[in-house]
Amino acid sequence: LKADLLAQLGPPAAAAAAGERADALAPRPPALPQTPLEASPGLVIALLPPAPDAAASQVPADWPDGPVADALEARLRRRIPAASVRQWAPESAPDALALLAERRPRAVVSLRIERAYCGDTIKDGPFAVAELRAAAAADGSWGQETARVVVTGPDPDVDCRADAVARALELALSQARVRAALAANTRAPGPPAAEALRTLFPAIAQRADEAVAAGTRQLALGQLDRAIEHFERALEIDPAHRRARRDLDETRAALALSRALSHAGPSPAHTAGSLDPQLPAAAARAAESQLAAEQRRRNELLAALAVLDADVEAPAPETLAVLRPVALGPADAPGPRLAQSRAEGAIEARALYAPDGLVLARYYFPRGASEPVLQEEDNDRDGRPDRWVAYAGQVRREVWEDGNGNGTPDLHLVFEPDGASLLRLEVDANGDGRSEQALHYAAGRLRNQSTDTNGDGRYDRFQRFDGEGSVELREEDLNGDGEIDLRTAFREGRMVRREIVNPSVVTEVN
């Protein structure tokens, strides 16, 4: 945005520098490799459907058809032509074993798209995200890895999801486990181990776990017969599921004991196949503690997602509730300095953490207050903040950005009270703390521009624009005394009048 603005309104050198900085922060993606990779014969690559509980907006809904699936298969056939590629969705471990028994592969790689979507935000511009889960089993070992890529400024002439998935595949092919599977040359002596099957086909383990969870819920209700049905179903899906086997044996024993104790026949409170359970006090306290911890993790994740999406308004109270206190940092740093000027008193800082422990954003509050006055972000993840958002009444009013990466804001945006409409934009290209240009807007249109042409810290050229964006009046202070020396009027881009206010300064007029 800064480069585009400077290209229209500023010196070409500044525009070029801003463009180079943008490309350095988010380099254009390189061309995809086309040379086939070496792989031993007998490699099977299984393309799995997206997880059933994945967010609908972030996975390809048209799987196994559509451009994403087609692009993934095409890239695999180009890069690993020796492999057998097929779409698999085994319902159970026995189904998977039967499929593998047909080929007796030397190695197996399974790929599942976890995320593949495109977006366009005010803050980031157009982008594409792809995340690929890659699992491999070869030479008696197995494991899984995740390949995640973010493509900024995707090519508008190609499907951005398909392109991002193709790049995630290249990252997956470079990972150690997948490379080992490509090079495997020893055929496995027998069927894969149960753990390897669960790794290769995660949906099997998920379905078995869901059946066990359903059985556990029935146990909590005292419905032993129904619990047994769910545990048996889990073992049909995954015969080696240890918890399902253990819970099934224990539930069968409990049911047998229940029936043995019911010599006089069932009573209204005790029917065949059911018990009236009572959770011990210690177990109840442990369950409540676990639920509270899980609720906090869920709230933190929701808060992180809300902050990533929010921009115009300050975060909601439920988001702010999960922030954790952090140190303020140096008083002369942009964040504490800007927050201090708005709080008009003592301030404190609280941070929002991502699930992986990274700080997503830092908020500054007047001490003891519940509403922040400033949000601080590190968008390029270089360890130094580069964006600050000031709030007034829970609405964004000002934004500062450090596009040069030197720790000093060089772009300042001021918004209307609604927080969305731009009111003023100031550019400090050389980072000396004084803006060289100020652009003033009204109703979304550029109306006035003030420029410091000689770098003395004072504006000396002023332009007013008409409703079509063309200059209609230009005023210039040529000697830097604060007075206008030359005034030029335009109509539809053409000069119609020039007034020399101070003839002693204006020695030549073109």
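What is the hand of the crossing of α3 and α5, left-handed or right-handed?

Modeller: The crossing of α3 and α5 is right-handed. A crossing has that hand if the near helix is turned clockwise from the far one by less than a right angle, and is left-handed if the turn is anticlockwise. This is a predicted model, in which local features need pLDDT of at least 70 and side-chain atom pairs pLDDT 80 or more, while totals for chains, interfaces and linings use all residues. Residues are numbered from 1 along each chain as its sequence is written, and side-chain values use heavy atoms, without hydrogens or water.

Two packed helices are described by the angle between their axes and the distance between the axes. Helix α3 covers residues 66-79, and its axis runs 9 Å from that of α5 at an angle of about 35°. The axes are lines fitted to C-alpha atoms over the stretch in contact, with angles from 0 to 180 degrees between N-to-C directions. Helices (DSSP runs of H or I, at least four residues) and strands (runs of E, at least two) are numbered from the N terminus.

On the α3 side, the residues that meet α5 are Pro67, Val68, Ala71, Leu72, Arg75, Leu76 and Arg79. Their counterparts in α5 are Arg161, Ala162, Val165, Ala166, Leu169, Glu170 and Leu173. Contact here means heavy atoms within 4.5 Å. By class, the residues of this contact are ten nonpolar, four charged and no polar. Ala, Val, Leu, Ile, Met, Phe, Trp, Tyr, Cys and Pro count as nonpolar, Asp, Glu, Lys and Arg as charged, and the others, Gly among them, as polar.

Cys118 lies in strand β3 (residues 107-121) and Cys160 in α5 (residues 160-173), so the pair ties together parts that are 42 residues apart in sequence. The link of Cys118 and Cys160 is right-handed, with 120° about the S-S bond. Cys118 is partly exposed because its relative accessibility is 31%, between the limits for buried (under 20%) and exposed (over 50%), found with a 1.4 Å probe and protein chains only.

As for the setting, the protein chain has 13 helices and 19 strands. Of its 510 residues, 40% are buried.

Conventions. A disulfide is a pair of cysteine sulfur atoms within 2.5 Å.
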